[in-house]
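Look at the model below, then follow the text through one of its pockets and a set of paired strands.

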Amino acid sequence: FPFPYTPYRIQEQFMEALYGALEAGRVGIFESPTGTGKSLSLICGALAWLRDCEEKRRQEEEQLLALGAGGQDALSPQPGSADTAGQPDWVTAFVQRKEERDMVDRLKEEQIRRKKREDRLEKIRQNVQLKYAAKRKRCEEDEAKRLLQLSKEALSQGAGEDALDQLDHNEEELILAEYESDDEKKVVSGLEEDDDDDLEEEHVTKIYYCSRTHSQLSQFVREVQKSPFGKDTRLVSLGSRQNLCVNEEVRRLGALQLINDRCMEMQKNKHEKKSNEENEGKKRRVSRAVCPFYSFEQMQFLRDEVLVEVKDIEQLVSLGRETKACPYYGSRFAIPAAQLVVLPYQMLLHEPTRNAAGIKLKDQVVIIDEAHNLIDTITCIHSAEVSGSQLCCAHSQLSQYMERYRKRLKAKNLMYIKQILYLLEKFVAVLGGNVNQNPGSQAVSQTGTILKSINDFLFQSQIDNINLFKVQRYCEKSLISRKLFGFVERYGGPASAVKTNKENQKLAGLQDFLLTLQQGSDKEGDPPVEAEHEQLRTASPLMQIEGFLSALTNANQDGRVILNRQGTVGQSSLKFLLLNPAVHFAKVVEECRAVIIAGGTMQPVADFREQLLCCAGVDPARIVEFSCGHVIPPENILPIILCSGPSNQQLEFTYQTRDLPQMMDETGRILCNLCNVVPGGVVCFFPSYEYEKQVYGHWEKTGLLSRLAARKKIFQEPKKANQVEQVLVEYAKCIKRCSQTGGQMTGALLLSVVGGKMSEGINFSDDLGRCVIMVGMPYPNIKSPELQEKMTWLDKTMPRAGGQAPSRVLIENLCMKAVNQSIGRAIRHQKDFASIVLLDHRYARPAIFNKLPQWIRERTQVKPAFGSAFAELRK
């Protein structure tokens with residue numbers, strides 16, 4: 001929009017465009033820079049449409065019910081002609097009347113369900129005593145359980161001699177249950193035994209709002225709470241078990257896959273416990289652990305609490321602990337009645353996870369926020385990599401497991417375990433190794449990277465005769481990775497021989513003693529053995545391999561298998577690369593009424609339109625694009641493309657020239673001059689960590705770093721994520737201290753990396769980022785085998801656009817997406833101001849220049865010489 005536009009007017013335009021896209025059932029690509037109230041506009045526009053949609057539906061239902069009450073003649077047309085199929089008119093009239101009666105009955109049932117739901121929620125809102133009564137009942141139950149546990153412990157005292165005899169029974173939990181592959185029985189949960197009409201409740205029309213991280217979702221939920229729709233919107237926040245589990249025993253497992261498997265196993269144990277207690281006269285099985293939070297009554301209570309009042313994930317977890325109910329399942333029970341479902345977009349984009357959560361997309365609305373890296377996210381979700389050491393480790397563990405329990409396992413289990421062992425053996429053989437030898441000591445004869453199609457890889461590995469779909473389903477249903485992890489936890493590492501119970505007890509004691517000694521001796525140094533042991537405890541290699549097997553079930557043309565042979569078999573790896581992300585996004589677009597892909601910086605949008613939507617079969621007429629301007633006035637931003645430095649050195653940071661001393665010196669001179677005139681914080685982005693380290697070392701040698709440090713305190717972006725917060729806090733403190741005290745030092749300089757921890761999601765607002773400098777153009781590594789295969793695939797499948805090959809367009813788009821994300825860190829609200837300096841003359845090329853965000857592009861100045869650029873910045 002042309003300036004001037006008030007923030008309110010831009011939000012109004014955004015909401016109108018969003019409302020129109022939802023009403024027409026479009027697939028929209030929406031761009032709204034930070035500061036324009038994007039989240040609030042998404043909430044208000046979408047919920048306003050939802051309210052109107054529900055109101056229209058109720059009016060239509062009332063009209064139909066009124067006609068039905070007026071008699072069947074009012075509904076049905078008068079008979080007078082034969083049907084096109086040759087049926088008599090009285091038969092046609094009877095069929096029509098029956099369909100209309102059925103429709104009226106369905107509408108009446110829906111009205112009864114809706115009335116029941118609304119009455120229940122209203123009762124919870126008004127009757128506060130219900131909450132306290134339930135809480136008092138829970139306290140009484142907890143006290144009874146505690147007393148029962150104390151009595152059991154008193155009875156079990158002095159039974160130390162019998163403990164060793166029970167070890168064999170304790171191993172029951174490690175044995176795989178009988179598996180039926182052809183006619184699998186549906187897993188019956190304890191909840192299905194309770195008859196409740198609410199579980200059969202149909203899904204109301206709803207909006208699925210997705211973002212990248214849980215912190216962004218929590219921020220969005222807080223915006224909903226502040227919006228006009230906050231008090232009477234039924235909202236539910238979904239998350240993984242890792243975020244929502246309140247059972248400390250399960251949370252301690254750490255790894256997401258282990259938490260998932262353990263949770264599912266505890267549910268199964270609860271069901272088996274009920275069935276075993278019914279079998280009187282039989283020998284009692286050893287009691288298995290069940291989750292105390294998996295209570296249907298309490299989860300129902302939590303579900304109602306969630307629907308009554310808007311809560312984010314942290315509030316949901318607190319409520320789960322307070323009510324002794326599982327937030328993970330309680331929140332899922334609330335999905336059918338919810339109007340707004342908030343979830344990470346990894347959960348929505350992965351179909352098995354979506355189905356497990358009970359998410360139904362048919363005729364619903366999906367809004368994907370922070371969608372600038374949507375294509376990369378889909379690719380990562382459906383790609384997988386396993387190393388040679390993981391393959392050998394899993395083979396060793398599974399072989400030991402099979403030998404120990406061979407006589408206890410059913411034939412189907414043995415058959416599938418042998419198939420998995422065969423697959424592991426062949427995978428290692430493809431890498432040039434042997435599963436029976438140490439992967440760390442097996443040298444690979446032919447090193448290098450080879451890419452193969454899925455079919456070629458299956459034929460070369462000699463596993464084309466195995467049904468991978470069945471093997472994958474077996475791994476998923478049998479929880480074999482969880483059983484194997486428990487087996488390894490009990491009997492040591494992958495290379496240990498399986499011993500008897502008493503021997504293992506002694507071995508475990510010795511291992512614990514040695515671990516204690518090691519922890520004491522490694523107080524000051526890095527404990528590599530302990531770290532390796534911890535890594536083994538928190539992850540099972542078979543879990544990674546399950547993901548790789550699942551990836552191999554993709555269509556042959558949609559992916560490639562990368563054989564990476566390096567040094568030893570343990571260092572080598574197999575990786576599946578998804579080439580066509582649209583194949584997994586197609587179902588979302590087909591089922592939904594409307595899909596909105598939104599972000600603060602979506603340019604260039606050609607990738608979304610061509611690689612994601614057109615390849616998914618979306619009609620181009622259904623795609624709508626919308627982009628709005630920023631709320632800041634023109635004088636609050638100064639974007640400059642700088643073509644040469646103070647000594648007239650042309651700025652071109654290609655791989656061939658950026659390492660030259662004169663180029664690094666020129667960059668340092670530019671930064672020195674800018675730091676002399678820019679107050680507060682300056683953020684400088686480099687293409688990579690290696691180049692930033694190289695430039696920093698060069699400046700140290702030449703003394704330029706000390707000149708910079710005289711004006712700005714220098715901070716460097718850390719590689720470790722847990723150190724980012726500390727660096728940012730120190731950076732902000734330094735700027736605040738300098739602004740208050742004055743003096744020669746005017747602020748701080750932060751050396752960051754494009755695509756690093758600080759190029760996305762970090763707000764350098766106000767004095768934290770008065771100037772953002774981009775050194776060179778961060779093109780991806782074109783020699784990467786994955787990128788080369790993606791480029792080849794695009795050239796074969798996509799048409800040429802504007803005379804450019806699709807592979808060339810991909811490289812430029814990847815570069816400019818990273819640039820746009822980085823330079824967008826500075827302007828964060830209506831009154832913010834900053835300068836943006838792009839150090840490379842190639843930014844002035846039309847193909848590159850047009851891929852800058854519109855609100856930046858319109859105000860960008862191209863400066864061939866440094867003098868005029870410096871004068872503008874100084875002004």
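A pocket is an open set of points on a 1 Å grid over the protein atoms alone, with protein on both sides within 12 Å along at least five of seven lines, and its lining residues have an atom within 4 Å of a point. The model is predicted: local features need pLDDT of at least 70, side-chain atom pairs count only at pLDDT 80 or more, and totals for chains, interfaces and linings use all residues. Residues are numbered from 1 along each chain as its sequence is written.

The second largest pocket is lined by 48 residues, and Asp 376, Pro 780, Asn 781, Leu 787 and Leu 814 lie nearest its centre. Elements giving two or more residues to this lining include α17 (374-381), β9 (568-578) and α33 (806-823); helices (H or I, at least four residues) and strands (E, at least two) are DSSP runs, numbered from the N terminus. The largest share, 9 residues, comes from α33. Domain 1 (384-491 + 540-580) and domain 2 (637-874) both contribute lining residues, so the pocket lies between them; the domain bounds come from an automatic or database domain assignment.

β8 and β9 pair in the antiparallel sense over 7 bridges, with Val 561 opposite Phe 576 in β9. In their hairpin, which has 1 residue between the strands, Gly 567 takes a positive phi near 60°. Strand β7 (residues 448-453) is joined to β8 by 6 bridges, and the two run antiparallel. Thr 449 stands opposite Asn 564 in β8.

Conventions: Heavy atoms only, no water. 1 Å grid on protein atoms, 1.4 Å probe; cavity = no way out; pocket = protein on both sides within 12 Å on 5 of 7 lines; lining within 4 Å. Pairing = 2+ DSSP bridges.
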